[in-house]
Amino acid sequence: MQTICHVALQLVDDGKTLLTPFLPESSQRVYEMLGGAGTWSGKPRVDEVDEDGGPPYPVITGDYQDAAQWEHAPIRPGTPLRPPTPLFTKLDPALADEELARLEQA
């Protein structure tokens, strides 16, 4: 049982790392739930760039000095965990039905 719980927590931690560029706020909350303190990673920002006078286009970038490392970091056994809280708000199923109806009309 302990091995299964450890592996499950490791998967959640690695998933947090992989999804940090796309879900920075949720990744921060997972980091805190897994016993982390402080800031996990800075938030990305979108900058407009151009190359050799071409049309500008957006790129996702950020401050990488204090950013989290995109690598596997083993969970330390014995780390106290915070009580879990939902990361996302559950949507009313009626919203999904409305969106499906809208997509079918398009």
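**A loop residue and its surroundings**

Guide: Thr 85 sits in the loop that runs between β2 (57-61) and α3 (93-105). The model is predicted. Thr 85 counts as partly exposed because its relative accessibility is 45%, a value between the 20% and 50% cut-offs. Set aside the neighbours within four places in sequence, and Thr 85 is in contact with Arg 29 and Met 33. Met 33 is 52 residues from Thr 85 along the chain, yet their C-alpha atoms are separated by 8.2 Å.

Now to helix α2. This helix spans residues 24-33 and includes Ser 27. Ser 27 has a relative accessibility of 3%, so it counts as buried; the cut-off for buried is under 20%. The side chain of Ser 27 reaches back to Leu 23, meeting its backbone oxygen at 2.9 Å. Residues up to four places away in sequence aside, Ser 27 touches Lys 16, Leu 19, Thr 20 and Trp 40.

Lys 16 leads on to the largest pocket. That pocket has a volume of about 340 Å³. It is lined by 16 residues, and those closest to its centre are Asp 13, Lys 16, Tyr 31, Ala 73 and Pro 74. Helix α1 (residues 2-19) gives the most to this lining, with three residues. Sorted by class, the lining has six nonpolar, six polar and four charged residues.

Terms used:
Residues numbered from 1 in each chain as written. Predicted model: local features only at pLDDT ≥ 70, side-chain atom pairs only at ≥ 80, totals over all residues. Heavy atoms only, no water. Helix = DSSP H or I, 4+ residues; strand = E, 2+ residues; numbered from the N terminus. Buried < 20%, exposed > 50% of the residue type's maximum accessible area, 1.4 Å probe, protein only. Contact = heavy atoms within 4.5 Å. 1 Å grid on protein atoms, 1.4 Å probe; cavity = no way out; pocket = protein on both sides within 12 Å on 5 of 7 lines; lining within 4 Å. Points joined across faces, edges and corners; volume = space filled by probe spheres on them. Nonpolar A, V, L, I, M, F, W, Y, C, P; charged D, E, K, R; others polar. Polar contact = N/O pair within 3.5 Å; in protein donor to acceptor, adjacent residues only side chain to side chain.
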